[in-house]
Amino acid sequence: MRASTIVILRIILWISLAGSAVVQLAVVTSPWWDQDAPDRVDGITVSLMVLAVLGILALQVVAVSILRLLTLVRKGRVFSARSFREVDRIVVAVLAIAAVVLGVPIVGAIANRLHPGDAMAPGMVLVLGGLALVVAGVALVIRVQRQLLVQATETLTRAEHLQSELDEVI
């Protein structure tokens, strides 16, 4: 990977992290911006706020893990146990995002029962449930890529071992 690509990706990730922190702060403080909002804050609103903050937090974990992987790429140590830990963190974070996405239609369905006039469309509940399934599928794809990283690491280790044996023979 070219150094310029790594630098550009790092810049994008740092901007994303800063922006996501601002959005988290906005989500948490939004009910107090409007004078009438504290009266309207209920369990549904709090649930959606918590889901939003957790979803953003999971995205931040992904970004930080990618930054750490980029550091390993730059140092030429991407084929190491530390890479596996970072990829595992990404998989868990993406699964958490899937759970958050699934939580939104669940909260919507509960809101439909509690506030019939303020209903979430049943089709939207199904679409968001399907989206959660797709996000979970992305986590599985990343897990498969982790296995490819494991195989590449094992191949590199074997190649280094064979090279050392060849050096002894020569």
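Predicted model: local features only at pLDDT ≥ 70, side-chain atom pairs only at ≥ 80, totals over all residues.
View A. The largest share, four residues, comes from α5. The volume of the largest pocket is about 220 Å³.

**View B. The residues that line the largest pocket.** The lining consists of Leu69, Val73, Val78, Ser83, Val87, Ile90, Ile142, Gln145, Arg146 and Leu149. Sorted by class, the lining of the largest pocket comprises seven nonpolar, two polar and one charged residues.

**View C. The packing of α3 against α4.** The axes of α3 and α4 lie 9 Å apart, and the two helices pack at an angle of about 165 degrees. Angles over 145 degrees count as roughly antiparallel, and α3 and α4 are therefore roughly antiparallel to each other. Their crossing is left-handed. In the contact of α3 with α4, the residues divide into 23 nonpolar, five polar and four charged.

**View D. The packing of α1 against α3.** Helix α1 comprises residues 3-29, and its axis comes within 10 Å of the axis of α3. The axes of α1 and α3 cross at roughly 160 degrees, which makes α1 roughly antiparallel to α3. The crossing in which α1 passes α3 is left-handed. Among the residues of the contact of α1 with α3, 20 are nonpolar, four are polar and two are charged.

**View E. The length of α3 and the residue that follows this helix.** Helix α3 has 33 residues, which should span 48 Å at 1.5 Å a residue. The expected span is 1.5 Å times one less than the number of residues. After α3 comes Gly76, and the phi of Gly76 is positive, near 75 degrees.

**View F. The packing of α4 against α5.** Helices α4 and α5 pack with their axes 7 Å apart, at an angle of about 170 degrees. This angle makes α4 roughly antiparallel to α5. The contact of α4 with α5 has 23 nonpolar, three polar and three charged residues.

Terms used: Residues numbered from 1 in each chain as written. Heavy atoms only, no water. 1 Å grid on protein atoms, 1.4 Å probe; cavity = no way out; pocket = protein on both sides within 12 Å on 5 of 7 lines; lining within 4 Å. Points joined across faces, edges and corners; volume = space filled by probe spheres on them. Nonpolar A, V, L, I, M, F, W, Y, C, P; charged D, E, K, R; others polar. Axes fitted to C-alpha atoms, helices over the stretch in contact; angles between N-to-C directions. Parallel < 35°, antiparallel > 145°, perpendicular 65-115°, else oblique. Left-handed = near helix turned anticlockwise from the far one by under 90°.
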